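Dear colleague,

Please find below the structure that I am handing over to you, with its sequence.

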Amino acid sequence: MNPLCSRCNRVVYPTEKVNCLDKYWHKGCFSCEVCKMTLNMKNYKGFEKRPYCNAHYPKTSFTSVADTPENLRLKQQSKMQSQVLYKEEFEKNKGKGFSVVADTPELQRIKKTQDQISNIKYHEDFEKSRSGGDTPLPQTPQLNTPPAYPSSAASQNYHYEPEPVRPAAAAPPPSSGKRYRAVYDYTAADEDEVSFLDGDMIVDVQQIDEGWMYGRVERTGQQGMLPANYVEAM
């Protein structure tokens with residue numbers, strides 16, 4: 001028995017039968033659903049078992065998905081996997097680049113130490129280029145623990161109030177105590193230290209411990225702690 005045409009519901013004979021999209025059509029009935037243009041097996045496009053031409057083929061589009069408990073669970077799982085991958089990438093790239101770091105007191109201390117080491121290295125290279133010698137510049141002693149200051153009563157002997165800046169024409173005050181001469185430049189790395197240049201006279205010097213002294217720079221009038229291996233006794 002001959003089948004019926006899917007378009008006109010009439011009998012389709014073998015000489016005019018088109019078998020496509022799981023249906024039978026007359027050759028003339030096999031046309032676009034929109035513009036009725038006659039199609040063939042080479043130029044048709046099927047959508048939901050209906051023929052369309054290329055111009056009127058329905059465009060597929062995304063649909064919104066409801067936030068069901070299962071979809072929310074999958075969303076949370078994907079987010080956790082993304083965080084795990086981010087942490088893995090962070091661990092792999094650790095040390096390969098720079099990142100923003102909080103400016104804590106400990107990091108400030110480390111930064112000052114690095115600046116001080118860089119300053120020493122600069123002067124070491126400068127001395128080598130000037131004299132041609134290989135004599136290393138003495139390293140500034142590192143204070144892992146606070147310096148052993150004398151008792152509170154004795155500490156008052158060397159705790160001076162800052163002196164006012166004197167006019168350039170004024171004569172420096174008479175110095176007392178031991179006198180030392182700076183043999184290297186030094187830049188203060190903390191508030192309680194004092195900076196000086198090579199050749200400066202350090203007066204009123206008091207020994208704090210094996211590596212540090214307390215004194216006043218005669219040229220600037222500033223006073224504070226200084227490394228003992230940066231000066232020599234007069």
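Two strands are said to pair if DSSP finds at least two bridges between them. Helices (H or I, at least four residues) and strands (E, at least two) are DSSP runs, and they are numbered from the N terminus. Please note that this is a predicted model, in which local features need pLDDT of at least 70, side-chain atom pairs count only at pLDDT 80 or more, and totals for chains, interfaces and linings use all residues. Residues are numbered from 1 along each chain as its sequence is written, and side-chain values use heavy atoms, with hydrogens and water left out.

Overall composition

The chain contains 3 helices and 9 strands. Along the sequence these elements follow the pattern β-β-β-β-α-α-α-β-β-β-β-β. Of the 234 residues in the chain, 23% are buried; here buried means under 20% relative accessible area, exposed means over 50%, and partly exposed lies in between (1.4 Å probe, protein chains only).

The sheet

An open sheet is formed by 5 strands in the order β8-β7-β6-β5-β9, with antiparallel pairing. Its edge strands, β8 (223-227) and β9 (231-233), each pair on one side only. On average, neighbouring strands of this sheet are turned by 45 degrees against each other, direction ignored. For such angles, axes are lines fitted to C-alpha atoms (for helices over the stretch in contact), and values run from 0 to 180 degrees between N-to-C directions.

Within the sheet, strand β6 (residues 201-207) pairs with strand β7 (residues 212-217) in the antiparallel sense over 4 bridges. These two strands form a hairpin with 4 residues between them. Q206 stands opposite Y214 in β7, and V203 stands opposite R216 in β7. Strand β5 (residues 178-182) also pairs with β6 in the antiparallel sense, over 3 bridges, and the bridge partner of R181 in β6 is M201. Strand β6 is mostly covered, with 5 of its 7 residues buried.

Nonpolar cores and a surface patch

A nonpolar core is a set of buried Ala, Val, Leu, Ile, Met, Phe, Trp, Tyr and Cys residues joined through side-chain atoms within 4.5 Å. The largest such core has 19 residues, and those with the most contacts inside it are Y180, Y186, F196, I202, M213, L226 and V231. Strands β5, β6, β7 and β8 are the elements that give two or more residues to this core. The largest share, 4 residues, comes from β7. Apart from this core lies another, of 9 residues, among them V18, C20, L21 and L39. As general background, nonpolar side chains in soluble globular proteins tend to be buried together.

On the surface, L4, V11 and Y13 form a nonpolar patch with about 280 Å² of accessible area together. Patches are made of residues with over 30% relative accessible area and no salt bridge; like charges are joined within 9 Å, and nonpolar side chains (Val, Leu, Ile, Met, Phe, Trp, Tyr) within 5 Å. Accessible areas come from the Shrake-Rupley method with a 1.4 Å probe, and for residues only the protein chains shown count as cover. V11 lies in the segment before β1 (17-20) and is partly exposed, at 34% relative accessible area. Y13 also lies in the segment before β1 and counts as partly exposed at 45% relative accessibility. Y13 and N2 are 11 residues apart in sequence and 6.3 Å apart in space, C-alpha to C-alpha.

Salt bridges

A salt bridge is a side-chain nitrogen of Lys or Arg within 4 Å of a carboxyl oxygen of Asp or Glu. A search of the whole structure finds 8 of them.

- D190 forms a salt bridge with K112, with the closest N and O atoms 3.8 Å apart. D190 lies in the loop between β5 and β6 and K112 in helix α2 (residues 105-131), so the pair ties together parts that are 78 residues apart in sequence.
- R181 and E232 meet through their side chains in a salt bridge (2.5 Å, N to O). This pair links distant parts of the chain, with R181 in strand β5 and E232 in strand β9, 51 residues apart. R181 is partly exposed, at 28% relative accessible area, and E232 is partly exposed, at 35%.
- R219 forms a salt bridge with D200, with the closest N and O atoms 2.9 Å apart. D200 counts as buried, at 8% relative accessibility.
- R7, E33 and R50 are linked in a network of salt bridges.

Yours sincerely
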